[in-house]
Amino acid sequence: MTSLVAGLVLFFAVHSVRIAAGDVRADLVARIGLMPYRALHGLLTLVALYLVVHGFAEARMTPVGVWTPPR
């Protein structure tokens with residue numbers, strides 16, 4: 001479950017950079033270039049996607065009872 005949450009946080013953080021920290025993105029693009037930035041963004045997205053899929057598979061193996069219906 002930890003890797004699922006970590007993957008979701010990483011995925012949303014990577015995709016929120018342009019909205020929340022546009023200046024940081026612009027500085028990073030100016031420092032390393034547009035194509036390396038896109039490669040880094042893609043790599044982090046793939047890592048996040050792997051963590052989400054792996055975490056979901058782990059979570060399915062140990063289900064958590066959230067609600068039990070009354071009799």
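Is T45 buried or exposed? In this predicted model, where local features need pLDDT of at least 70, side-chain atom pairs count only at pLDDT 80 or more, and totals for chains, interfaces and linings use all residues, T45 has a relative accessible area of 17% and is therefore buried, a word that stands for under 20% relative accessible area, with exposed for over 50% and partly exposed in between (1.4 Å probe, protein chains only). Residues are numbered from 1 along each chain as its sequence is written, and side-chain values use heavy atoms, leaving out hydrogens and water.

T45 is found in helix α4, residues 34-61, and A48 lies in helix α4 as well; helices (H or I, at least four residues) are DSSP runs, numbered from the N terminus. The table lists their contacts (heavy atoms within 4.5 Å), leaving aside neighbours within four places in sequence.

| Residue | Relative accessibility | Contacts |
|---|---|---|
| T45 | 17% | F11, V14 and H15 |
| A48 | 0% | G7, L10 and F11 |

The C-alpha atoms of A48 and F11 are separated by 5.2 Å, although these residues are 37 residues apart along the chain.

Two packed helices are described by the angle between their axes and the distance between the axes. Helix α1 (residues 2-15) packs with α4 at an angle of about 155°, with their axes 7 Å apart, where axes are lines fitted to C-alpha atoms over the stretch in contact and angles run from 0 to 180 degrees between N-to-C directions. The two helices are therefore roughly antiparallel to each other, the term for angles over 145 degrees, while under 35 counts as roughly parallel, 65 to 115 as roughly perpendicular and the rest as oblique.
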